Amino acid sequence: MGKLLLTGVDGNLGKQAAYYLLELVDKDQVIFCGYNPASLKEFAEQGIETHVTNFNKLDGLAEAFADADKLALISMPFVGKKRQNAHKNVVDAAKQAGVKQIIYTSLVNADDETNPSVEKIDHNFTEQYVKSVGLDYIFLRNSQYAEAMITNYFTFVKMDGVLKNNQGDGKMAYISRKDCAKTVAYALETNDFHEAVLNINGPELMTISDFIAIGNEATSNHVTYQEITDEESYAVFDAMGVPRTTDGVFKDGSEAPYSSDGMVTFGQAIRLGKMDIFTDDFKKLTGQEPITVKYMFEHADQFQVGDRHSQDN
């Protein structure tokens, strides 16, 4: 039997998924890939098979994937044709190497043409491409990371105490990035899902106002919510020095390590009800309950968005 291959172990999601996977299977059953050799060192020192990979180039990928039966593709952190090409390279190499199943971290409602999120375009492209080459798959369509909004909450605590965005009364089942990482590990380990689309949602749907109220109760802060327009949302991020696209320059230690195009169109999608998918697929896959927003706020130091990790060339 072939091994279980996990990509992106140099990122926040991928590294956490690596730790969870090692709790489920023996280290001899796994392969870890990343673009940063330093991120692989701790695993290589344990005797785990590791490969330095750059998905922007097809060269060498099939060789790195040669021993794998299943491959988890953590979606790349840049947006647009560059990401689509990187994902295509991974899928092509996996097919060439004889990988039997792709696990891919996608986005809720990725295949809805009316979903305005720019992020979903790349996710839908990747899902459709995996299908087109005839590989088995598990698509993990993640809800929004709660960590992103918890960090955002504390940003406004330090400012004027008024959290401003364009989500309005739209609802989202916020999920911890740690739980998303857990699903990657479980999807690699299981043989129970084939040609499956799983929506990875948090334990309850809520508006951003609900989210803020939970944060206020847990932290004794007094943040309020103000709905603003899409253009005003861009202006907020511009003032923070956040680039409009992932081709821009990201500040070290940014509290918003994403492009504003991604965040504003994501907020628009939430406002329009395009992200209010709510299932128990997380429990079906892991046998566990997802972490609540309340718990995350009560342990907020463990649930921050963290630094951006990317290889854009």
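The model is predicted: local features need pLDDT of at least 70, side-chain atom pairs count only at pLDDT 80 or more, and totals for chains, interfaces and linings use all residues. Residues are numbered from 1 along each chain as its sequence is written, and side-chain values use heavy atoms, with hydrogens and water left out.

Start with the open sheet of seven strands, in the order β3-β2-β1-β4-β5-β6-β8, paired in parallel. Strands here are DSSP runs (E, at least two residues), as are helices (H or I, at least four residues), numbered from the N terminus. Two strands pair if DSSP finds at least two bridges between them.

**The edges.** Select 49-52 (β3) and 196-200 (β8). Each has a single partner strand, so one side of each is left without a neighbour in the sheet.

**β1 and its neighbours.** Select residues 3-6, strand β1; four bridges pair this strand in parallel with β4, residues 68-73. Show L4 and its bridge partner in β4, K70. Turn to β2, residues 30-34, joined to β1 in parallel by three bridges. Here L5 has I31 as its bridge partner.

**The crossover.** Follow the chain from β1 through helix α1 (residues 12-24) to β2: this β-α-β crossover is right-handed. That is, with the strands pointing away from the viewer, the path from the first strand over the helix to the second runs clockwise.

**β5 and β6.** Finish with residues 101-107 (β5) and 136-142 (β6), parallel over seven bridges. Pick Q101; its bridge partner in β6 is D136.
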